[in-house]
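Please look through the structure shown here before reading on.

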Amino acid sequence: MANEILFETTIDKYDFGPYFYTVVYVGSDITDQLPMDKYPRLRVEATVDGYPSKGALMPDKIGSKQTEHLLNKSYTKRGERIWYFQVPKKVLKEISKELGDSVEVKISVGNQDEVEIHPAMEDFLRENDTVNQKWETLTPGKKRSLAYPVLKAKTDITLEKRLIELEEALLNL
């Protein structure tokens with residue numbers, strides 16, 4: 001990765017009702033070195049204890065419902081801007097880490113237009129001109145949000161169902 005920023009932090013959580021995401025929080029000391037003003041949800045490439053991951057730095061403020069637990073940290077104050085980077089369970093498993101564990105993170109600016117799609121979705125778009133034309137008009141963020149459910153399908157039945165849902169969504173734009 002070019003222009004890497006290296007820092008140490010802990011695996012934390014981003015509360016979301018009865019669920020939470022495992023994340024690393026990234027303070028302004030790091031984000032001040034990144035083009036956050038141009039990309040409020042900056043796509044980044046990272047390694048967490050040497051294991052590669054991609055995602056976006058997502059903004060929040062200390063003391064929001066999701067970050068209220070950070071108020072007891074001595075380095076934070078209510079209303080302060082903070083960003084988080086989701087660390088998938090697969091990554092945690094690979095590096096044998098869990099909530100509260102220390103990790104070394106290397107982060108760099110990723111491709112802001114990258115959209116990962118399922119191979120079956122590639123074929124589907126190639127074979128359906130009308131659907132593909134609608135797809136090509138979308139922003140990368142909208143494409144990612146529509147591609148994600150298809151990408152995460154675990155069975156062929158679910159994959160087919162999600163491709164039909166994708167087609168319906170695109171045709172109704």
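## Contacts, strands, cores and rings

Not counting residues up to four places away in sequence, Ser-53 touches Val-44, Glu-45, Ala-46, Phe-85, Pro-88 and Val-91, where contact means heavy atoms within 4.5 Å. This is a predicted model, in which local features need pLDDT of at least 70 and side-chain atom pairs count only at pLDDT 80 or more, while totals for chains, interfaces and linings use all residues. Residues are numbered from 1 along each chain as its sequence is written, and side-chain values use heavy atoms, with hydrogens and water left out.

Ser-53 belongs to strand E5 (residues 51-56); helices (H or I, at least four residues) and strands (E, at least two) are DSSP runs, numbered from the N terminus. The buried residues, the exposed ones (over 50% relative accessible area) and the partly exposed ones in between are told apart with a 1.4 Å probe on protein chains only, buried meaning under 20%.

| Residue | Relative accessibility |
|---|---|
| Ser-53 | 10% |
| Tyr-14 | 7% |
| Tyr-84 | 9% |

Two strands pair if DSSP finds at least two bridges between them. Strand E7 (residues 81-86) runs antiparallel to strand E3 (residues 19-26), the two being joined by 4 bridges, and Val-23 stands opposite Gln-86 in E7. Strand E6 (residues 58-61) also pairs with E7 in the antiparallel sense, over 4 bridges, with Asp-60 having Ile-82 as its bridge partner in E7.

A nonpolar core is a set of buried Ala, Val, Leu, Ile, Met, Phe, Trp, Tyr and Cys residues joined through side-chain atoms within 4.5 Å. The largest such core has 22 residues, of which Leu-57, Val-87 and Ile-107 touch the most other members. At least two residues of this core come from each of strand E1 (5-10), E3, strand E4 (43-48), E7, helix H2 (89-95) and strand E8 (102-109). Apart from it lies another core, of 15 residues, including Phe-124, Val-131, Leu-146 and Val-150.

Rings of Phe, Tyr and Trp (its six-membered ring) pair if their centres lie within 6.5 Å, and planes under 30 degrees apart count as stacked, over 60 as edge-to-face and the rest as tilted. By this rule there are 4 aromatic pairs. Tyr-14 and Tyr-84 form a stacked pair, at 4.0 Å centre to centre and with 25 degrees between the planes. Because Tyr-14 lies in strand E2 (residues 12-16) and Tyr-84 in strand E7, this pair ties together parts that are 70 residues apart in sequence. Tyr-14 and Tyr-84 also belong to one aromatic cluster with Phe-16, Tyr-21 and Tyr-25.
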